[in-house]
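Student: I'd like a close look at one part of this protein, the aromatic pairs and what surrounds them. Could you walk me through it slowly?

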Amino acid sequence: MVQDCCNSERFLEGPESGDCDYKTSNESVSGKKQLLMLTLLMINSLVLWITFGIRSGFLLGSFSTHGIASSVAGVVEGSMLLGYILTFFSDLGSVLMRRYSSRFLLAANSGITALLTLATGVIYLDPRNVAMVTVSVVMRVLQGVCSYLSYVFLFDTFSAQFPAYFDVAVALNGLAGYAGMGLSVTVGCVLYDQLGYVSTFSVASACCMFLAMLLLFLPPTPTHLSTQKPACTDEEQSFKKVNRLSPLTLIPLIASLFVNLNFGYLQVTEPEFMHEELEKSYSFGGLVFSLSTVGLILGSVISGVVLQGKLIRANTQMLWGAVLMGLAILLTFLPPSLQHFAAYSSFPAALLAGAGESLVTLAAITAMYDVQREVRGEVTPQCATRIAGLWVVGYAGFYFGGSGLAGAVRGVLSFYHMALVMVGCCALSVIMCISIATINNRTTQLSEKSPLLNS
């Protein structure tokens, strides 16, 4: 039986002595079908990320209108992390991928997301705050489940159908996802100003349902996991040692998470800061933050060129991304004496924030592979999958955790003083990126990188 890489008791230890390495007999589609698949998968990432982040810009304001404290709103938004954690420590993803095709899983996931989104909007009409908050938390947790599964299904599809262009497929999908992430604030704020809370979620739900129908045009290919066949070797003890995930891989992961926390915090707080301190509309705040989309796209392109060409190490790219994020926070939340300039400085700040976020996040998984390779000698398929799982959960946890943090600290610290705390997180990220170099410098030359997911 194929062992699930996300088993809660073993994801850092590797397989038992009786486990085996795995090979696959899955064949990739080619030509026009690959182009169709990649296009539809990019649309999938774009729509889902707009949906998951659509209320980020007006979250605190809408809940305040309902008479709910901003700290409670932050908890509701951050509860999406629970969905990620529950799915990570369960076999749900692997069980589904063993039984259904990629097309069915992706389409069903989008359809379920549409229903959850609609329910999130409708419950806002309930005048009972306790009932509204409770149902909103449940819906947000289930959205976390769907979001995690969308990542798992996409990585599985890329490894099965784009083995020769895995990095390109991931980069293009990341670009589409980042575009949706940046546009979600703008789209959400504009819809909220024009249509209100419930109608905003109704529009997002309709888009997800339309996406589900589009995904039915994907070829009915089996998942990568369902086609894996065990292939035992005579070197089980050696394989067990190599297949154990090094704890040092957590260093680049944590360094990335500090930056993800900043971006999630900025996404929620920046429109609110514009509205309260500068007396600007939520639409203006959403427009400013939309420039982060440009930064995310530019960062994705730069990251793809740099990492593919091995121009610099991944941890060095992460370092510069953390510096850009720190500058973005300082330019957005200026000291009170200079606050009247914030309406102008926030535009380049949003651009820098997007670039810093993508540079760090896309390089983090490569940096984790580099550390694993330096410590264990190679990155086995099982370790590659564990690293990807940790990356997904960590990224989601701190990105959405930033949204929760924004609500939790509201009224406790001023925008400027909280900005100093966030800059401190970026400084810690820089220090950790430098520490990664002490591990990587064990060898003087860059070793040839093994594929992320071997076929």
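Tutor: Let's start with a word we'll need: a contact means that heavy atoms lie within 4.5 Å. Keep in mind too that this is a predicted model.

Leaving out residues up to four places away in sequence, Asn 44 touches Leu 154, Leu 211 and Leu 215. Its relative accessible area is 2%, so Asn 44 is buried, given that buried means under 20%.

Now for the rings. A search of the whole structure turns up ten aromatic pairs. One of them joins Tyr 265 and Phe 333, with 6.2 Å from centre to centre and 55° between the planes, and this pair is tilted. Where do the two partners sit? Tyr 265 belongs to helix H11 (residues 250-277), while Phe 333 is in the loop between H13 and helix H14 (342-376), so the pair ties together parts that are 68 residues apart in sequence. Tyr 265 counts as buried because its relative accessibility is 2%, and Phe 333 counts as buried because its value is 1%.

Next, look at Trp 391 and Tyr 395. Their ring centres are 6.2 Å apart and their planes are at 15°, so this pair is stacked; the cut-off for stacked is planes under 30 degrees apart. Both residues are in helix H15 (residues 381-408), and because they are four residues apart there, about one helical turn separates them. Trp 391 is buried, and Tyr 395 is too.

For contrast, go to the surface. Trp 320, Val 323, Leu 327, Leu 330 and Leu 420 make up a nonpolar patch there, with about 440 Å² of accessible area together. Helix H13 (residues 314-332) supplies the largest share of that patch, four residues. Leu 330 is in helix H13, and because its relative accessibility is 34%, Leu 330 counts as partly exposed.

Finally, how far can you trust all this? The chain's average pLDDT is 76, and 79% of the residues score at least 70. Over residues 228-232, though, the pLDDT is below 50, and this stretch has 13 contacts in the model beyond near neighbours in sequence. Residues 443-455 stay under 50 as well, with 31 contacts beyond four places in sequence. Where pLDDT is low, the predicted coordinates should not be read in detail.

Note on methods: Residues are numbered from 1 along each chain as its sequence is written. This is a predicted model: local features need pLDDT of at least 70, side-chain atom pairs count only at pLDDT 80 or more; totals for chains, interfaces and linings use all residues. Side-chain values use heavy atoms; hydrogens and water are left out. Buried means under 20% relative accessible area, exposed over 50%, partly exposed in between (1.4 Å probe, protein chains only). Patches are made of residues with over 30% relative accessible area and no salt bridge: like charges are joined within 9 Å, nonpolar side chains (Val, Leu, Ile, Met, Phe, Trp, Tyr) within 5 Å. Accessible areas come from the Shrake-Rupley method with a 1.4 Å probe; for residues, only the protein chains shown count as cover. A salt bridge is a side-chain nitrogen of Lys or Arg within 4 Å of a carboxyl oxygen of Asp or Glu. Helices (H or I, at least four residues) and strands (E, at least two) are DSSP runs, numbered from the N terminus. pLDDT is the predictor's confidence in each residue, from 0 to 100. Rings of Phe, Tyr and Trp (its six-membered ring) pair if their centres lie within 6.5 Å; planes under 30 degrees apart count as stacked, over 60 as edge-to-face and the rest as tilted.
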